[in-house]
Amino acid sequence: MESIHSQQQVEAERAAEVSTEMKDSVPPRYTVSFDKYEDIWVGPSFIPALKALQNEFEPRPGDIFLASLPKTGTTWTKALLYTMIYASCSNNHVTVAEKNPHALVPTMEVELFNSSNPHCDISIFSKLPSPRLLHTHLPVQALPPLVRSFSDCKIVSVTRNPRDTFVSLWKFNGKLVEEGLVPGVSGEINMETAFDAFCSGFLIHGGPFAENVLSYWRESRRNPNKVMFLTYEELQADCLGCVKRLGIFLGCSPHLVQENAEGVVEKCSFGSLSKLDVNRTGRVWENKIGISNAHFFREGKVGEWKKYFTPQMEKRIYREIEQKLNEEGIHFTY
Ligand code: PAP
């Protein structure tokens, strides 16, 4: 059964439930108000896009889907996969040196999203040449059913430790607010408020965090030839090894992988991408929200959370998110 309700409604329900001593910690509205669709939090006005994807998207043999929550390594993995698949085997393709990875690899629900027109034109994807490389922030259960059942496509899932994800998201949202891109919200975003929203699951498009990550983790264990699970921390520790593993998983020629892997890693490194003019000056999704490309390249490190987290925050994020992941065998490097 479809259930659609707003963050405010859920917050109000939660407020009614909390015990007296907890009443002060009910999360107030945080930057944008997310909608809930079948247990998934999605950005405002994204539901028509989600429905269009679920009802109308048709997979093709050879399709590659990248799945990642916001701030967990999307830009990096888009660049790596794009360069592996297209740029190193043909001279006709635009490269990551010329366009921001988000302009090269579409995030499906963002491409379909149109706040003023609920009719989503799914045909934009059928016009793309094969093999298509497409991205989503949504969990497995929200993927188009045909993608879930189709055996001749691959899914790469990337995730990141939730502590650094939170810091990255908080900083990113701060930039959007600073630039006036979040209607009705101004000033600094209070970290405690943001953290409360993150732990409660309200903050992240495609969340809650643990449930999204677990959906791909479980699928990768059930069907390792179709779903590969990767973390931002693994990419940081051994990007070359990850690229080689990705190459094998995607069925690239071992010879090509061996020959190109180092170049792919170098072209897509934080140092290379963040210095490019296109990433210092341009904007993505110009006709929708228009985010500076530079905001997708900030620190690019593991462990920044240590600058911000109190022992109470560590306890809470463990209790509300990390424990669920640990129990199923997902352990991050912090
Ligand atoms: P998105 O979902 O909005 O596209 P995403 O790319 O998943 O964001 O995450 C951005 C993070 O990846 C940023 O982390 P930070 O805020 O902690 O710094 C960004 O700096 C980092 N990042 C982007 N590109 C790279 C890269 N090539 N190597 C390492 N980290 C990167």
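**Exercise 1. Describe how helix α8 packs against helix α9 in this predicted model.**

*Solution.* 

Step 1: Start with the axes. Those of helix α8 (residues 162-178) and helix α9 (residues 191-200) come within 11 Å of each other, and they cross at roughly 130°.

Step 2: Classify the angle. An angle over 145 degrees would count as roughly antiparallel, and one from 65 to 115 as roughly perpendicular. The crossing at roughly 130° therefore makes α8 oblique to α9.

Step 3: The crossing in which α8 passes α9 is right-handed.

Step 4: Find the residues that touch. On the α8 side they are P162, T165, F166, L169 and W170, while α9 brings M191, A194, F195 and F198.

Step 5: Sort these residues by class. The contact of α8 with α9 has eight nonpolar residues and one polar residue, with no charged ones.

**Exercise 2. Work out which strands pair with β6, and in which direction they run.**

*Solution.* 

Step 1: Look at strand β4 (residues 64-68). Five bridges join β4 to β6, and the two run parallel. Within this pairing, L66 is found opposite V156 of β6.

Step 2: Now turn to strand β7 (residues 227-231). Its link to β6 also consists of five bridges, and this pair runs parallel. Here T159 has T231 of β7 opposite.

**Exercise 3. Decide how far strand β6 is enclosed by the rest of the structure.**

*Solution.* 

Step 1: Apply the cut-off, in which buried means under 20% relative accessible area.

Step 2: Draw the conclusion. Strand β6 (residues 154-159) has six residues and five of them are buried, so the strand is largely enclosed by the rest of the structure.

Technical notes. Residues are numbered from 1 along each chain as its sequence is written. This is a predicted model: local features need pLDDT of at least 70, side-chain atom pairs count only at pLDDT 80 or more; totals for chains, interfaces and linings use all residues. Side-chain values use heavy atoms; hydrogens and water are left out. Axes are lines fitted to C-alpha atoms, for helices over the stretch in contact, and angles run from 0 to 180 degrees between N-to-C directions. Helices (H or I, at least four residues) and strands (E, at least two) are DSSP runs, numbered from the N terminus. Angles under 35 degrees count as roughly parallel, over 145 as roughly antiparallel, 65 to 115 as roughly perpendicular and the rest as oblique. A crossing is left-handed if the near helix is turned anticlockwise from the far one by less than a right angle, and right-handed if clockwise. Contact means heavy atoms within 4.5 Å. Ala, Val, Leu, Ile, Met, Phe, Trp, Tyr, Cys and Pro count as nonpolar, Asp, Glu, Lys and Arg as charged, and the others, Gly among them, as polar. Buried means under 20% relative accessible area, exposed over 50%, partly exposed in between (1.4 Å probe, protein chains only). Two strands pair if DSSP finds at least two bridges between them.
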